[in-house]
Amino acid sequence: MQLTQGLAGTSALILALLLMAPQASAERDMDYSTRITPKSGSIFEYFQRKRIERREWLEHNRLPGPLIQNAPAIEKDVPEPPLVYRPEKLESLNVDTFAEVEPTEVLPAAIYRELLSKQAALRVTSDEKSAIVDLYRSNGFKPLWTTPEGLDPRGQGVLGLLSKSAEEALEPSDYLPPALGSFNDRPDVFKGDMVHLARLDLGLTAMALKYARHASGGRLIPNRLTRYNDITPETVAPATAIKVLAWSPFPIEYLKNLQPHHPAYELFKAELAKKRALLHVSENEDIPLGNRVKPGDSDQRLPLVRHRLERLGYLKPGSGPPQDLSSTDRTKAETAAMTLDPEMSDALKTFQSEAQLTDTGSLDQATVNALNGRTEQRNVAKLIYNIERLRWLPKDLGRKYVLVNQAAYQLTVVDDGREVWRTKVIIGKPQTQTVAFHDRMETVVFNPSWGVPPSIIKNEMLPILRRDPSYLDRLGYRVVTKSGQIVRSSAVEWSAYNKGVPYSIEQPPSDDNALGEVKFLFPNSNSIYFHDTPARSLFDRSSRAFSHGCVRVENPRIFAENLLGLSGEEVARRIDSGRSQSAKVKQDIKVHLTYFTAWPDSTGKIIYYDDVYGRDERMESAFSATAVATR
């Protein structure tokens, strides 16, 4: 009887636990809601969560032994060498001879002779030189912008546009025709002086072409800045631009239209104007380093911190303690001003979040450094660099496209000009940076195998395999010969190889596969792709530069739904099959891997990001080198 009662009680307990399992599991796994098909209380959801629990167990209970990611490297990853930027080569705007005879009209004759002069001051690119010479030859060397009286209205309009180029994040001095002393010279300053009018006409043509080149494709050559740029801007051809400038009654409108059409451009311009207006009134005193200040604590630096937060727009001006206190309360007011109150703490949290710092609301060393890095002068420079990058983007991003901003650790899906989805990403380490380039999404692979890149085999696996040849066998990796034969890792004489090995190494689909559940392919020469990852905790970090160059996506299931147009249930079914399978992306979806250290958020506010790869510094050096080369 006691045995029967015991069994009955045990059965009741097991039944109760089974009924409670889905709810208890749901409470444990709320963080994984984006990875689970929402079927509340279903047995499908229960076993799906059990699968995730198993993955967690595997992550935290691996067998002891060397880990691939922590293996000693044969060759240390080395950062890029210091930049030696080579600006575009320029040559003098002159020719040896013309087949045409010298014109009889005085101003065309002067232009003819100026093009033959060995003392030509104008220096242009080779393509610009060809376009200018061909155009003037084809129109009988007639002037484009001048008459014997001086600059005509078209010329005055173009010169006025060039003078205001700073509003477009360009440098006006780059576009001043050498014949002029300043943009303020009178239009008739060379009235009757044919030699100088010829130089002015040619000079304004050259400067308008330079402006067209810079407006349409940027001032710098991206691929000469870093080996991690694989970008070819769509710069307008000089031969095309000069024909429009020569014959159009609206040359100003044409030049303006060459600027980026992306919505971020106007937002950048407005922010640039605002920051420049603050330059002459802002104090750029650095906030001193000191001990950590928690909410409620006092510190003498806090009035300066408050002022900086007000100027940056995180606090309203005058948000501190009242200024019209009686003399008896002045001491209290001064104490209050040096106290980290809730309002300032909330402002610090907002700033820290946007600066990719832990949003504690306290004043720590990292926050002080970030605040000191946000002076108006630095913000102006940052805006100029990122407007330049905007000019490198393709003119047509696509109706639907994926934009990765590496500096923001963020992936966005845009459809018909509207952001439809956003997620966190992990990018390459500074020593193995993610490349900036543009491509097209082609394939989504569920339950992918991981083909270990040769660099990881050489730097991370080979040192371990020399000591422990059976290492890959224990981990379940496949070693494949060039003929496609699978061999055991322990059968290979790994010590015979110093650099590359004549084998490929694959990790089959599994719960702890390095690529996770899904990978996203857009074949390219940089061997970059998107993928899931079993290392989920890294997405909680504010700075997420941990990969070997590929991009890890926080919510790959939802990303697959977006790209393939599948339901969450269908994506889950394909993953749960455990079978590796591919799906072609039928839509035309462009992929843009970019690097913007300033970018507007969904409300249009410009957010500034840390220069994790040091590419802003390289741009600063390149602009300086270009300025010297064009003097």
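**Exercise 1. Find which residues Phe-559 touches, leaving out residues up to four places away in sequence.**

Solution. Phe-559 then touches Val-402, Leu-411, Val-413, Trp-421, Met-441, Phe-520, Phe-530 and Val-553. A nonpolar core is a set of buried Ala, Val, Leu, Ile, Met, Phe, Trp, Tyr and Cys residues joined through side-chain atoms within 4.5 Å. Buried means under 20% relative accessible area, with a 1.4 Å probe and protein chains only. The largest such core has 61 residues, and Phe-559 is among those with the most contacts inside it, with Leu-411, Met-441 and Phe-530. A second, separate core holds 49 residues, including Trp-145 and Leu-245.

The model is predicted: local features need pLDDT of at least 70, side-chain atom pairs count only at pLDDT 80 or more, and totals for chains, interfaces and linings use all residues. Residues are numbered from 1 along each chain as its sequence is written, and side-chain values use heavy atoms, without hydrogens and water.

**Exercise 2. Check the span of helix H14 (residues 376–392).**

Solution. Helices are DSSP runs of H or I, at least four residues, and strands are runs of E, at least two, numbered from the N terminus. The expected span is 1.5 Å times one less than the number of residues. Now check cover: 14 of the 17 residues of H14 are buried.

**Exercise 3. State what the buried residues of H9 pack against.**

Solution. Buried residues of H9 (residues 263–279) include Tyr-265, Phe-268 and Leu-272. The buried residues of H9 pack against H14, strand E20 (598–600) and strand E21 (606–608).

Key:
Buried < 20%, exposed > 50% of the residue type's maximum accessible area, 1.4 Å probe, protein only. Contact = heavy atoms within 4.5 Å.
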